[in-house]
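User: I have a model open and want to go through parts of it with you. Can we take it one question at a time?

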Amino acid sequence: MSAALPRALKQRGIDVRILMPAYQGVFDKISSLSVVASLPGHAAIEPCLIGESQTHDGIPVYLVLAPSLYQRQGTPYTTPEGYDWGDNDLRFARLCLAATEIARGIEGLDWKPDLVHVNDWTSALTPGYMQWTGLEMPSILTIHNLAHQGVFPADRLDALGIPHDAYRTDGVEFHGYISFMKAGLIYADRVTTVSATYADEITSDHLGSGLHGVTRGLAAEGRLSGIVNGLEEGWDPSSDKHLPFPFSAENLKGKRANTDFIRTSLCLSASDGPLFGVVSRLVHQKGLDLVAEIAGHIVEQGGQIAILGTGDPGVERMLLDLTRRHRGSIGLIAGFSDTMAHRLVAASDFFLMPSRFEPCGLTQMQAQRYGALPVAHATGGLADTIEDGETGFLFKDFSYDNFLGACNRAFETFADKGRLDAMRRTAMRKVFDWDEPAAAYERLYEEVTGIAVVRPVSLPLARKTLAAPAREARASAA
């Protein structure tokens, strides 16, 4: 989203700047970098520099240059061993404070935004810093997964420069801790999630992750909404350079060739049965324990399963054991490869997505674009983007029996080639681009800022004539 949404907004005439930490992986990819500003420290948050680069298509990217915080081995959030970095509170408070200072205006940058748009807990403290420092500027928080909240001990208030009077139930306090996510929920002007169904689900006790009281209040005030993510342009089976055999809704012959290619790659036996694909983070949320439970049934019915993913070592071991028990019928690649992800999606007849919850999900969109019909739990973005019986198979209650019923419907469809091809073509013709989501964000930006986006008349996206002059909206994505 941090790459695709700014690109789509730029096409709509909005001046977007991206702010992110200067991870080592960023330095490995950028071709040029200019240091444009220096920011002081605050409390225990160290000083930093601000560097400026840009994406390949010209979107400015501001980088928080603090090598001791961000240039590390491992992931942006964890050590190479998979543990959270012990100073994650300071690492992401530095990001949030930089966003606040850029929003206020800093020497070296001839630019100020009209709006700050932050994403998830790692930048959710920004609206708090904006309020605590008296900065009157609208902010929007987008929740991609409420289960990840950025919770830290209460004795870190002073180190993070959080006022003590903000440590209360209608502030950053969360069961005796500090919650970055709660700060965003409390202090942002509007909150969005990445699907309408997930926006409703996070107000429930079951999926509210302990913050359902806050989200219910936001919903009652009309400050909570859902906007489904889009799919990037590279997901097109007719022109995908990752695929050995391109295909389209009008010509499905190449799809079968991709299936045979993946069977060979994963040492699966030759088969005329359906191939069920899984491309996923290997974590509890994704319901892969249900996949393990149902795998024997799929194999007995003549199906095969191809799995690509990385994540929890326990889940990985469970799936590895599954492949050992069903050699030639179930294959696992433990890791991630973009090329293999494209190929596996293209090869699959059906796609298994029994997620316990799924805020948005992109894999079900990718699968439909490639004629792999999802077999999915009707939750969050899965419910919002799959038409049951038309572009996939949904089951409502998370259980083995319901998942089994959906898989059996998939087998029945596979046996009816006319129906299978019709569903595939319907799925492949669906539009999952960023045009509609970007338009929804533009409307939201206009609403919270009171500023209407003005486009030259020649632009095809120009959609209204303003009776009074209006200035161009600028947005900063943290």
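User: Which strands and helices are included in what covers the buried residues of H11?

Analyst: This is a predicted model. The buried residues of H11 are Gly254, Lys255, Asn258, Thr259, Ile262 and Arg263. Their cover includes strand E12 (275-282), strand E13 (304-311), helix H14 (338-347) and helix H18 (417-428).

User: How far apart are the end C-alpha atoms of helix H11, and what should its 13 residues span?

Analyst: Helix H11 runs over residues 253-265. At 1.5 Å a residue, the helix should span 18 Å. That agrees with the model, where the end C-alpha atoms are 19 Å apart.

User: Which residue just after H11 takes a positive phi, and is Cys267 buried or exposed?

Analyst: The residue with the positive phi, about 60°, is Cys267. Its relative accessible area is 64%, and the cut-off for exposed is over 50%. Cys267 is therefore exposed.

User: Is Cys360 buried or exposed, and how many disulfides are there?

Analyst: Relative accessibility at Cys360 is 3%, so Cys360 counts as buried. A disulfide needs two cysteine sulfur atoms within 2.5 Å. By this rule the count is 0.

User: Which side chain makes a polar contact with the side chain of Thr142?

Analyst: Thr142 lies in strand E6 (residues 139-143). With a relative accessible area of 0%, Thr142 is buried. Leaving aside neighbours within four places in sequence, its contacts include Met1, Val118, Asp120, Thr192 and Tyr441. The polar contact, at 2.7 Å, is with the side chain of His117.

Technical notes. Residues numbered from 1 in each chain as written. Predicted model: local features only at pLDDT ≥ 70, side-chain atom pairs only at ≥ 80, totals over all residues. Heavy atoms only, no water. Helix = DSSP H or I, 4+ residues; strand = E, 2+ residues; numbered from the N terminus. Expected span 1.5 Å × (residues − 1). Buried < 20%, exposed > 50% of the residue type's maximum accessible area, 1.4 Å probe, protein only. Contact = heavy atoms within 4.5 Å. Polar contact = N/O pair within 3.5 Å; in protein donor to acceptor, adjacent residues only side chain to side chain.
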